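Reader: I am new to this structure and would like to learn how to read it. Please show it to me before we start.

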Amino acid sequence: MKQEARSKEQEKVMVFNLPSSFLNLPSRALLTLLLLTTLSYALTQDLDREVFNISRQLRCPVCVAESVADSGAEVSVEMRNIVQAQLEEGKSEAEILAYFQARYGDWILLEPPKRGFHLLVWILPLAAGLIGLVVLGFLFKRWTRASRQPIEVDDADLRRVREALEQSR
Amino acid sequence: MTRVLSVVAVVAALVGLFLFGLLRGSPDRDISSNMLGKVVPSFELPLYERYQTSYGPSFNLADFDGQPRVVNFWASWCGPCYEEAPELEATYRAYQDDVLFIGVQTQDKGKLAEGRDFINQFDLTFPNVIDDNSAVSIDYGVFGVPETFFIHADGTLAYKHVGPVSTEVLETQIKALLQ
């Protein structure tokens, strides 16, 4: 019984404890390198995602309706490099967008800022939609009101319709 | 009758809008710079060999603070740049004692041989630098080439011209810088 318990204990040790050879210097160096590579890869992926997120808000200056993220133009490539460099310097998304806005104006932003004249771009579609709904409501009311009114038909017309219906049977 | 009139009015308005779009000219020429009245960024870029005896291996714009400057962005693949190059050279020769001209080859990565050919074709005597990664053109908010920046002696941007620049525009803007 005791032996069985001991063998189970040994099994646990084998499963959960690393062999002593694993702790030697080359193995530890390998493990550290592996961890650092994984960490660096994860950070790069994060940075790439941030570069993409910011670049897709910027308009490529030499393309037609294309974002800096989507464009392969030289200028766009360099703009993505600038975004990456500024992120590495610790600048925020707002600061990076402001850097490009200072040089190219609001034009550089694919989504117009919600202020001043640009507000029209946001307000006009909503206003047009609301006006459309009001007009539709008004027309619908008029149509339903017209359909509810009784149709005035004289006896001669009514008789002619009935005869036509009889003939068609 | 009223219905016909309202249809005619809507069609006339759409035709009017269409004609306005067609006749208002190229919107590219109207692109202003967000840096007008502001101090333009300085830059230091490598020079083509033929200018190195006068200026050294690189050109630093800050070394010429206090002097009016004309900065022209060009590329070897750009047709309108070939159109304006003789006019730039002729105007530079006329005003070289008063105004500094700088040509910046940009959006033209790795095209040094083509850049050299461009310079030699028009015998450009004003310094021309290489903005290989287009970083300076981004710093200046350049959309496309050619674009020409007229800079006051205090470093503030006086005017930006988009597209090929003519002798008339060059002279008008240089005279304004010198006033």
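Reader: How many residues does the contact take from chain B and from chain A?

Author: This is a predicted model, in which local features need pLDDT of at least 70 and side-chain atom pairs count only at pLDDT 80 or more, while totals for chains, interfaces and linings use all residues. Residues are numbered from 1 along each chain as its sequence is written, and chains are lettered from A and ligands numbered from 1 in the order in which they are written. Two residues are in contact if their C-beta atoms, placed from the backbone, lie within 7 Å. Here 13 residues come from chain B and 11 residues from chain A. On the side of chain B that touches chain A, four residues are nonpolar, seven polar and two charged. (Ala, Val, Leu, Ile, Met, Phe, Trp, Tyr, Cys and Pro count as nonpolar, Asp, Glu, Lys and Arg as charged, and the others, Gly among them, as polar.)

Reader: What order do the strands of the open sheet have?

Author: Two strands pair if DSSP finds at least two bridges between them. The open sheet in chain B has five strands in the order 5-4-3-6-7, with mixed pairing.

Reader: Why is one side of strand 5 and of strand 7 of chain B left without a neighbour in the sheet?

Author: Strand 5 (128-130) and strand 7 (157-162) of chain B stand at the edges, each with a single partner strand, so one side of each has no neighbour in the sheet.

Reader: Where does strand 6 of chain B pair, and in what sense?

Author: Strand 6 (residues 147-151) of chain B pairs with strand 3 (residues 69-74) of chain B in the antiparallel sense over five bridges. One bridge partner pair is F73(B) and E147(B). Strand 6 of chain B also pairs with strand 7 of chain B, antiparallel over five bridges, and there I151(B) stands opposite L157(B). The hairpin of these two strands has five residues between them, and G155(B) takes a positive phi near 90 degrees.

Terms used: Helix = DSSP H or I, 4+ residues; strand = E, 2+ residues; numbered from the N terminus.
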